[in-house]
Amino acid sequence: MDTSETYRAEPVDEAPFSWRALLEIVQALALAVVISVVLHLFIVQVTEVRQRSMESTLLQSDRVLVSKVDYHFGGPQAGDIVVFNPTTDVQIPYVKRVVAVAGDTIDLRQGRLYVNGQPRDFVGAHGATVAQNVDIHYPLKIQDGYFFAMGDNREASSDSRSFGPQPVDRIIGKVILRFWPLDRLIFFEW
């Protein structure tokens, strides 16, 4: 037996270019884009906290997931952290805590928040709660279709104390999760 025989590999035919495979990739990418856009427009969105007004609950540059569907089934509740476009000239949405809703009467006395005559405190809220606008008079009853929001960092927050109650239809959504930075990951109450 001759072991010096050489074997020759047969040339391998290269697969022809497949338009069908390319079309499937394009369709999958298009579907992913459509799903992403629908999720962003109607279900959830990611928002960066740009103010210091919610410290220490939310820090500047934290990233949060905002549910856009919660308020289709009911209005905001006191304690909810919401993202909304205020009725002011600012270009960025605000992230604040709802402290009173339609029908509630709020008062600011001796550096504290009172709702319907009772002191109202929220975990994480700190600093003196004082009026910010001489044109807003307390006690103040919140009318239908409005909410009153304040930052947890009361002394460093421009909020409803300065620009008044806000229309509910200005709410983008409810903060449900802080996911960045990862070491501060937390789900908020639904």
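1. **Ground rules.** This is a predicted model, in which local features need pLDDT of at least 70, side-chain atom pairs count only at pLDDT 80 or more, and totals for chains, interfaces and linings use all residues. Residues are numbered from 1 along each chain as its sequence is written, and side-chain values use heavy atoms, with hydrogens and water left out.

2. **Overall make-up.** The protein chain has two helices and twelve strands. Helices (H or I, at least four residues) and strands (E, at least two) are DSSP runs, numbered from the N terminus. Along the sequence the pattern reads α-β-β-β-β-β-β-β-β-β-α-β-β-β.

3. **Burial and surface.** The protein chain has 190 residues, and 36% of them count as buried. Buried means under 20% relative accessible area, exposed means over 50%, and partly exposed lies in between (1.4 Å probe, protein chains only). The accessible surface is about 12100 Å². Carbon and sulfur atoms hold 57% of that surface. These areas come from the Shrake-Rupley method with a 1.4 Å probe; for residues, only the protein chains shown count as cover.

4. **Contacts along the sequence.** Take the contacts between residues at least 6 apart in sequence: 59% of them join residues at least 24 apart. A contact means heavy atoms within 4.5 Å.

5. **Strand 9.** Strand 9 covers residues 146-150. Four of its five residues are buried, so the strand is largely enclosed by the rest of the structure. Strand 4 (residues 94-101) runs antiparallel to strand 9, and four bridges join them. Two strands pair if DSSP finds at least two bridges between them. Ala100 stands opposite Phe148 of strand 9. Strand 9 also pairs with strand 10 (residues 166-167), in the antiparallel sense and over two bridges. There, Phe147 faces Gln166 of strand 10.

6. Strand 5 (residues 105-109) and strand 6 (residues 112-115) are antiparallel and share four bridges. Leu108 has Leu113, in strand 6, as its bridge partner. In a regular strand the side chains alternate between the two faces of the sheet.

7. The structure holds ten salt bridges. A salt bridge is a side-chain nitrogen of Lys or Arg within 4 Å of a carboxyl oxygen of Asp or Glu. Glu24 and Arg20 form one of them, with their closest N and O atoms 3.6 Å apart. Both residues lie in helix 1 (residues 19-43), four residues apart, about one turn of the helix. Glu24 is partly exposed at 46% relative accessibility. Arg20 is exposed at 64%.

8. **A link between loops.** Asp62 and Arg184 meet through their side chains in a salt bridge (2.7 Å, N to O). Asp62 sits in the loop between strand 1 (44-48) and strand 2 (63-67), and Arg184 in the loop between strand 11 (171-180) and strand 12 (186-187), so the pair ties together parts 122 residues apart in sequence. Asp62 is buried, with a relative accessible area of 3%. Arg184 is partly exposed at 22% relative accessibility.

9. **Further charged groups.** Arg112 forms a salt bridge with Asp121, with 2.8 Å between the closest N and O atoms. Arg112 is partly exposed at 32% relative accessibility, and Asp121 is exposed at 59%. Salt bridges that share partners also join Asp70, Asp80 and Lys174 into one network.

10. **Glu55.** Glu55 lies in the loop between strand 1 and strand 2. Glu55 is buried, with a relative accessible area of 18%. Setting aside its neighbours within four places in sequence, Glu55 is in contact with Gln60, Gly124, His126, Asp152 and Asn153.

11. **The largest pocket.** The largest pocket holds about 290 Å³ of space. Of its 15 lining residues, the closest to its centre are Gly79, Ile81, Arg97, Phe188 and Glu189. Strand 11 gives the largest share of the lining, three residues. On a 1 Å grid over the protein atoms alone, a pocket is an open set of points where a 1.4 Å probe fits, with protein on both sides within 12 Å along at least five of seven lines; lining residues have an atom within 4 Å of a point. Grid points are joined across faces, edges and corners, and the volume is the space filled by probe spheres set on the points.
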